[in-house]
Amino acid sequence: RYSDEISMQGIDEQTKLDLAHLTLNITGDIPAVKTMIEGISQPEIINDRTIQQKDGISNYTTRILLNKLLNVTGQGIPITVAVPASIDADEAVFANFERKLCLMAQLSADAVLGVPLPENLEARIRPVVRYYYQNQFTDTYNRHSYKWYKLTAIASDYFKFLVDSVSAHGIEQTQKLALILIKEFKNFPGYWSAELQRSILTDLYEYGCQKAIIVEQMKELESFMFDGKDITGRTEEAYAHAKAWTELDENEKAKTWIRNALQQTLGIGYTKDNQFYGWVEWLRLYLKTGTSDALNLIATFASYLPHIKETTELSVTHVACEALLNAAFEHNSVWGFQLMDWSIKKGLIDFETALATCLKDQFIKIDNKEDYLLALNIYKNIYLYIAKRFREDLLQQLLEKGSALLGEAFLNTEIPLLTNDIHINAIQENR
């Protein structure tokens, strides 16, 4: 048996759980899993001092895996036993959070065992769905509570786990869950931000939910997602929403919507470069869909650069233009050259930055020795003379492509010459 080859001696509990879960997924050998998790105790409750917000639901991997496997192996215990009430009443909210994770772990275990969900799914999952607005907590832990914020900040991960647990029972249950959650969105709108709803909707779609249901609710978000937001907040919302439309394979909606939103969200101020950079990141994602309107879309973005130049410092304009130039080159080198020429003439970017962007694109795309050596000579004999700073990503791309195309000759011939040129041509601080 697969599990017979695994020694559990000298292994920490988390690794034992990971191996047991892997064994379950590969072999389905429940008796072996039972043996592998024997003696593993419930972890301590994670509170506001020990939770790592950036890790999201991963903070609770031990709790989730242990209770899933206990249920799979017929050793499940009540959630109040798995997670005892906290002695410190102020931390009860964290204990109750982990109890809800145990409920979802039970759902996952039932899917493994083939135990169907009840006809009334809503009643089964109501405690999980409404965790964030139970009266006993919202009275004490309001939106200004630091402790409460630690848990609300990982709400997207929490509901992704719910979607995953229910979806393990099949598409029909995923559809039911979607309707239940959307009903909650409508009945308790104050507790469901546009950001959280959007995250849940894209997760539901990823797990196979009917697109029409998701699209309808996505449109609902557009009626309130900017409420109470400043320029930066609107930009972040708009970027996330356009990205979500792309993830839903609704490229035309994304394109139409972003054209309307771009004008509104590019406000006045020194954060303009950050706003524009966010939109360019969306553009790079969107161009990968193969849209036929790519050139017009790049031109639309480029048309905002002169306005950014007029209202911010020149260095801000260069950063914004470099981001767009990278996106244009990445999609189509010819368009990249055209935008590069236009940007230099308009004073939107300095020649050194533009050339570096162009060379990086060439080193990525070149597929023959002759073109590579031409680009390498431009780097050595022109770029090094004018480079104001060291660009590690450009040099790394140059080295990787040179090694791939020239092989041993690159190491024996070109590297010594390149090293010599760097010492001679580059300014001292870049050597």
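Visitor: What makes helix α3 and helix α5 oblique to each other?

Guide: The axes of α3 (residues 61–72) and α5 (residues 92–113) cross at roughly 45° and come within 8 Å. Axes here are lines fitted to C-alpha atoms, for helices over the stretch in contact, with angles from 0 to 180 degrees between N-to-C directions. Angles under 35 degrees count as roughly parallel, over 145 as roughly antiparallel, 65 to 115 as roughly perpendicular and the rest as oblique; α3 and α5 are therefore oblique. The model is predicted: local features need pLDDT of at least 70, side-chain atom pairs count only at pLDDT 80 or more, and totals for chains, interfaces and linings use all residues. Residues are numbered from 1 along each chain as its sequence is written, and side-chain values use heavy atoms, with hydrogens and water left out.

Visitor: Which residues of α3 and α5 make the contact?

Guide: From α3 come R63, I64, N67, K68, N71 and V72, and from α5 come E98, L101, C102, A105, Q106, S108, A109, V112 and L113. Contact means heavy atoms within 4.5 Å. By class, 8 of these residues are nonpolar, 4 polar and 3 charged; Ala, Val, Leu, Ile, Met, Phe, Trp, Tyr, Cys and Pro count as nonpolar, Asp, Glu, Lys and Arg as charged, and the others, Gly among them, as polar.

Visitor: Why is α9 called roughly parallel to α11?

Guide: Helix α9 (residues 155–167) packs against helix α11 (residues 194–206) at an angle of about 25°, their axes being 10 Å apart. That angle makes the two helices roughly parallel. In α9, A155, S156, F159, K160 and V163 meet L196, S199, I200, D203, L204 and E206 of α11. This contact has 6 nonpolar, 2 polar and 3 charged residues.

Visitor: Why does C209 count as buried?

Guide: Buried means under 20% relative accessible area, exposed over 50%, and partly exposed in between (1.4 Å probe, protein chains only). C209 has 4% relative accessibility and therefore counts as buried. C358, at 6%, is likewise buried. Of the 431 residues in the chain, 49% are buried.

Visitor: How many disulfides does the structure hold?

Guide: There are 0 disulfides, a disulfide being a pair of cysteine sulfur atoms within 2.5 Å.

Visitor: How many helices and strands are in the chain?

Guide: The chain has 23 helices and 0 strands. Helices (H or I, at least four residues) and strands (E, at least two) are DSSP runs, numbered from the N terminus.
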